[in-house]
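Subject: Structure handover

Hello,

Please find the structure below, with the sequence. My notes on it come after.

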Amino acid sequence: MSNWQELERKYLMHTTDRVPVTLVRGKGARVWDDEEREYLDFVGGWAVNSLGHCHPAVSGAITEQAGTLIQASNQFYTIPQLRLAELLVNNSCLQRVFLCNSGAEANEGAVKLARRYGQRYLNGAYEVISAMGSFHGRTLSMVAATGQSKFQKPYAPLPTGFVNVEYDSIEAVQAATNERTCAVMLEPVQGEGGVNIPEKGYLAAVKQWCRDKGILLILDEIQTGIGRIGTLFGYQQYGVEPDIITLAKGLGSGVPIGAVMAREEVSVFVPGEHGSTFGGNPLACAAAYAAVKFILDNNICDNVARVGRHLLEGLLRLKAKHQCITDVRGCGLLAALYFDAELAAPVLSACLERGLLVNKLKPNALRFMPPLIINNGDVDEAMAILDQAISAVA
Ligand SMILES: *Cc1c(COP(=O)(O)O)cnc(C)c1O
């Protein structure tokens with residue numbers, strides 16, 4: 001065990017089972033460890049490094065902003081957050097932005113906004129319907145929204161006002177709706193919960209139901225947003241215009257930032273009702289502006305769609321070859337491979353030895369979330385390593 005791994009054991013709270021690699025630098029889709037070993041990165045900082053590691057557009061914007069103005073508070077106007085907000089609004093169906101620092105914080109803001117809307121327009125309705133198998137973050141309220149008992153059990157009692165229903169079932173949403181309901185909150189594709197892709201009509205049916213009932217549709221686009229599934233926002237692929245979306249992960253291409261976006265009429269906060277010390281700080285906003293602008297100007301979403309199809313084909317070829325693979329799921333550059341046994345950890349280790357980083361989604365599943373700028377050659381390289389790794393283990 002390296003010195004760094006000993007320090008981790010000694011000083012950090014043990015919240016994650018780490019892979020025994022200490023990463024020290026990265027460039028594009030490659031990272032290097034403290035022994036100068038190179039890896040192809042299909043983890044991407046957990047779907048965060050949209051433009052890969054240390055992309056010059058992002059690093060340059062950070063460097064410039066770091067020498068200009070890092071933080072000023074929202075007592076004042078600052079330019080990077082205004083430019084970012086304008087860019088996001090001009091490229092979405094929503095008109096208002098609130099900036100924060102993480103995914104969970106964005107979702108908290110979205111739920112607070114929905115409750116505020118409920119107080120104003122829905123006779124005090126406050127309940128949020130979310131889905132089983134979802135992932136909405138680690139704060140207590142988002143644990144309550146996250147429909148997975150492994151995240152909820154350790155923290156009982158949970159905040160009230162959340163109802164978890166079956167995913168991909170419009171009937172389940174309908175059955176759970178009552179006079180207390182102010183919103184339905186869903187991921188367009190469930191990421192952490194398994195790369196669960198809903199039936200084509202599901203989101204549109206939920207949207208129609210929400211419109212009929214006068215309640216809000218919140219889409220948690222923290223993982224699906226910013227190009228990850230082949231369009232700037234996931235909702236664009238489902239022909240659905242949500243009332244609120246939340247963003248984080250890929251937004252800053254590695255820099256922590258989150259956002260809540262809402263329709264004009266839904267944006268009911270008044271000064272003092274919500275806020276954030278670091279939210280919208282110039283440094284993070286300059287990075288996010290640079291990342292989103294680069295993604296738009298260089299048609300990176302088209303690259304995601306194209307290379308994502310190549311990745312899915314590659315995974316399907318592996319499935320045809322290896323009997324232990326039971327399922328392949330993919331949507332842009334968010335994909336998963338399911339095994340018939342608990343093979344994720346051993347395959348992950350075998351990939352590591354061969355220079356490929358992948359994510360363990362479940363004991364029997366791996367997830368792939370590479371930078372959005374990878375090409376077919378990177379995918380071919382990853383598939384060759386995966387092929388060998390699976391052969392070595394299964
Ligand atoms: C990662 C994730 C979150 C939580 O984001 P944090 O930045 O870790 O708080 C919420 N929702 C979805 C869909 C996510 O993938």
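First, the ground rules. This is a predicted model, in which local features need pLDDT of at least 70 and side-chain atom pairs count only at pLDDT 80 or more, while totals for chains, interfaces and linings use all residues. Residues are numbered from 1 along each chain as its sequence is written, and side-chain values use heavy atoms, with hydrogens and water left out.

Salt bridges

Side chains of opposite charge can pair when their charged atoms come close. Here a salt bridge means a side-chain nitrogen of Lys or Arg within 4 Å of a carboxyl oxygen of Asp or Glu. By that rule the count is 17.

One of them joins arginine 30 to aspartate 378, with the closest N and O atoms 3.0 Å apart. Arginine 30 lies in strand E2 (residues 30-33) and aspartate 378 in helix H13 (residues 376-393), so this pair ties together parts 348 residues apart in sequence. Helices (H or I, at least four residues) and strands (E, at least two) are DSSP runs, numbered from the N terminus.

Arginine 30 also forms a salt bridge with glutamate 381, again with 3.0 Å between the closest N and O atoms. Glutamate 381 is in helix H13 and arginine 30 in strand E2, 351 residues apart.

Are these residues buried or exposed? Buried means under 20% relative accessible area, exposed over 50%, and partly exposed in between (1.4 Å probe, protein chains only). Arginine 30 is buried at 18%, and so is aspartate 378 at 12%. Glutamate 381, at 33%, is partly exposed.

Another salt bridge links aspartate 327 and arginine 329 (2.9 Å, N to O). Aspartate 327 is partly exposed at 26%, as is arginine 329 at 23%. Separately, salt bridges with shared partners join Arg30, Glu38, Asp378 and Glu381 into one network.

Helix pair

Helix H3 (residues 56-66) packs with helix H10 (residues 282-297) at an angle of about 155°, their axes 8 Å apart. Axes are lines fitted to C-alpha atoms, for helices over the stretch in contact, and angles run from 0 to 180 degrees between N-to-C directions. H3 and H10 are therefore roughly antiparallel, a label for angles over 145 degrees.

Surface patch

Trp4, Leu7, Tyr11 and Leu12 make a nonpolar surface patch of about 460 Å². Patch residues have over 30% relative accessible area and no salt bridge, and nonpolar side chains (Val, Leu, Ile, Met, Phe, Trp, Tyr) are joined within 5 Å. Accessible areas come from the Shrake-Rupley method with a 1.4 Å probe. Leucine 7 sits in helix H1 (residues 3-11).

Regards

How values were computed:
Patch = residues over 30% accessible without salt bridge, like charges linked within 9 Å, V, L, I, M, F, W, Y side chains within 5 Å. Parallel < 35°, antiparallel > 145°, perpendicular 65-115°, else oblique.
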